[in-house]
Amino acid sequence: MEKLEKEEVSQAIIIVDNFTDNFAPFTDTQSLGLLPVVNVPLLDYAIEFLNYSRIEETFIVVSKCIDQVREHIERRLREYFIWRVKMTITVIGSEGSNSVGDILRDIDAKGLIRGHFILMSGDTISNANMIPILQKHKQTVKYDKGACMTVLYMELPPLMRTGDEVVVAVDKLNGRMLTHQRQTPLKHERRFSFGLEYFKIPASAEIRHDCGDPQIAVCSPSVLPLFADNFDFDTRDDFIRNVLVNEDILDSRIYVVDLPAGEYAMKVSNWQKYKMVSHDIIHRWTHPLSPDMGIGRMQLQYSISKNLVYKNKSVQLARSTHLQGSLVIHEGSSVGEESLLLRCVVGKRCRIGNKCKITDSFIFDDVTIEDDCHLDNCVIGQGCVIKRRSKITAGSVCGQNVKIPEGSVIEKMTIQAMQAEFSEEKHKLGEAAFIVPDEEDDEPGDSDHEDREVNLVVKRMTSSNPGDYESDCSSSSDEDGSHRASPVPEDANIFLSEVVDSLKRGYEEKSKTEFLVLEINSSRYAYNMSLSEVNFYVVQAIFHLSPLKEATTNVLPALKMIYKHLGPVLKNYIKDDTAMMDCLKAIQDVCQENENFKPKVSNIVHFFYDEDLVSEEVVISWYEELSDDVKWLKSGLKPLILWFEKASSDDSD
């Protein structure tokens, strides 16, 4: 009788814990997998990612707060999450494990894995389709029986440093990894130190330093026994490093596959990455894992409106509330009069008082923020109370149930509700607010720490824009001054020239504006430009086109001629008040450099106003912030400002 071969069940392992204190004090009392990112627990993103890739059996391995994770999965089953239809999930407790290696040795001892499987970290967010990558790994195994792992990397901008970037040498002929080393965060190296093994690689190899490691890999069944036989394999980096050094002895090889264009994968390994990934989710780079898609649920949680404002239908807003864009507000929350929110996430049942300013911040469920508070680049844990006139900035983190006293100023601090053992009286801010002292750096040469994950040194989110990661001491904001510094940095200069070329070709050939936007966005990510910089340089590029560049007196007709075709490109980028301010700064820069434009600055700004590219409020605000160093600009804009005032007076009459 013919034997029927049983089809292999697709399996995956999610390792929830990252074995660092990067997210303390939250991970002191709860599992990392339950940390909310844009109001969704990290674990839900990981499960949805595997569900999209048709994984049938998933093992979630937890070394701490196991009951919390089990309860979470059971609750999701009761809520009829989509993945429950075709996926079986098992939560496995591994209490004695202190590393990834310990967990995989525990899994091997239990004998749960029956074939090839996906290995991922529980703090990874991805929309990648793993089906073709899994098939490619299986095909590789057919011609190379020693192929034990296929590692997935995402191409990143060259200057990004967050602790999850690696330098690898890869054989272009077959994708085999030849060398591997992790890059140092907080540094933008112009030179790299390579070992002697780099000089032994074949001519067909390429050395790449643009690889982001989201900690996703397809593994052969041999991976678990390799961990079991080698107790010095604590991390995945240990495994890769030792396999590359001992390929012949272990008879094992590692292969590399690039994430396809249009797909996304990032590891949320520290607060700066938390901010970056949250920004990407809000801007829909992780689609369909975006807020308005109801991740894992059968019903939608938010409606999306202009400027990427995601708002639950039960949210209550005062009439004078100003939602500037790139923000998410969950159900049951309310915002008071004259409060401003920009690039932030607000959880369930939050109460935000009057005249608050909240930017680049993440507010978890059940938080109360009283009147006149200022929050910038901070994380506020569940159940916190921020008393009136408090200021929390510079990457500060408030843990669960913290109560910040009235008028407090908190900068670069971690606050928890309970007093730590051996803490001093000076660390007490209030009855439920205690400063957690930053740990002293390890002594240089401490061999116990030299080989650990380098992302341990990235502790706080910074005020730099997402995608422009810098250290605390070197970060800066374009919004701090009224005029952009000169000269233009090299990367920005190249980006500007590419935008000019794209717009020039599009204008001359009358190309579709959608294609021009795609070209500009491609250049943006190639040179790691922030959205603010893109807005600035796109407007500048318009004035570099021939009709305007050659205009002497007929500036306005030339601008109208260009706008007739390229107007949709400008409108694609100039959408909110922040972008309008970038636009006006670009006009200021262009007019300052071109004597033909200077006398026409009022007409140019008026034209942008007529086309709804800038608002009266933003123009007046920009005008009022101008310094005495640009008297020519203030005098040039005076007729327009008087016109605004006269129009407002007529309307009131």
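1. A residue counts as buried when its relative accessible area is under 20%. The model discussed in this note is predicted. By that cut-off, 10 of the 11 residues of helix 2 (residues 42-52) are buried, so helix 2 is largely enclosed by the rest of the structure. The buried residues are Leu42, Leu43, Asp44, Tyr45, Ala46, Ile47, Glu48, Phe49, Leu50 and Asn51.

2. Ser53 lies in the loop between helix 2 and strand 4 (57-62). Is Ser53 buried or exposed? Its relative accessible area is 5%, and a residue under 20% counts as buried, so Ser53 is buried. Leaving aside neighbours within four places in sequence, Ser53 is in contact with Ala128, Asn129, Met130 and Ile131. Ser53 and Leu134 are 81 residues apart along the chain, and their C-alpha atoms are separated by 9.5 Å. Helix 2 is also followed by Arg54, which has a positive phi, near 60°.

3. Strand 6 (residues 117-121) is likewise mostly covered, with 5 of its 5 residues buried. Phe117, Leu119 and Ser121 point one way from the strand, whereas Ile118 and Met120 point the other way. Residues on both sides of strand 6 are buried.

4. The pairing partners of strand 6 may be considered next. Strands of a sheet pair through backbone hydrogen bonds, either parallel or antiparallel. Strand 6 pairs with strand 1 in the parallel sense, over 5 bridges. Within this pairing, Met120 of strand 6 is the bridge partner of Ile14. With strand 12 (residues 216-219), strand 6 pairs in the antiparallel sense, over 4 bridges. Here Ile118 stands opposite Val218 in strand 12.

5. Val328 stands opposite Val345 in strand 22.

6. Another open sheet has 6 strands in the order 17-20-23-26-29-32, with parallel pairing. Which strands form its edges? They are strand 17 (316-317) and strand 32 (403-404), each pairing on one side only. Ile404 in strand 32 is the bridge partner of Ile386.

7. Aromatic pairs form a further topic. A search of the whole structure finds 17 of them. Phe23 and Trp271 form an edge-to-face pair, at 4.8 Å centre to centre and with 80° between the planes. Phe23 lies in the loop between strand 1 (11-15) and helix 1 (26-29), while Trp271 lies in helix 9 (residues 271-282), so the pair ties together parts that are 248 residues apart in sequence. Both Phe23 and Trp271 are buried. A second example is given by Phe233 and Phe239: the ring centres are 5.8 Å apart and the planes stand at 90°, so this pair is also edge-to-face. Phe233 and Phe239 are both buried.

8. The pair of Phe23 and Trp271 belongs to an aromatic cluster. The members of this cluster are Phe23, Phe26, Trp271, Tyr274, Phe362 and Phe364.

9. The last point concerns the packing of two helices. Two packed helices are described by the angle between their axes and the distance between the axes. Helix 12 (residues 531-542) and helix 14 (residues 555-573) pack at an angle of about 170°, with their axes 10 Å apart. Because angles over 145 degrees count as roughly antiparallel, helix 12 is roughly antiparallel to helix 14.

10. Which residues of helix 12 and helix 14 meet? On the side of helix 12 they are Val534, Asn535, Val538, Val539 and Ile542. On the side of helix 14 they are Leu559, Ile562, Leu566, Val569, Leu570 and Tyr573. By class, this contact has 10 nonpolar residues, 1 polar residue and no charged residues.

Methods:
Residues are numbered from 1 along each chain as its sequence is written. This is a predicted model: local features need pLDDT of at least 70, side-chain atom pairs count only at pLDDT 80 or more; totals for chains, interfaces and linings use all residues. Side-chain values use heavy atoms; hydrogens and water are left out. Axes are lines fitted to C-alpha atoms, for helices over the stretch in contact, and angles run from 0 to 180 degrees between N-to-C directions. Helices (H or I, at least four residues) and strands (E, at least two) are DSSP runs, numbered from the N terminus. Angles under 35 degrees count as roughly parallel, over 145 as roughly antiparallel, 65 to 115 as roughly perpendicular and the rest as oblique. Contact means heavy atoms within 4.5 Å. Ala, Val, Leu, Ile, Met, Phe, Trp, Tyr, Cys and Pro count as nonpolar, Asp, Glu, Lys and Arg as charged, and the others, Gly among them, as polar. Two strands pair if DSSP finds at least two bridges between them. Rings of Phe, Tyr and Trp (its six-membered ring) pair if their centres lie within 6.5 Å; planes under 30 degrees apart count as stacked, over 60 as edge-to-face and the rest as tilted. Buried means under 20% relative accessible area, exposed over 50%, partly exposed in between (1.4 Å probe, protein chains only).
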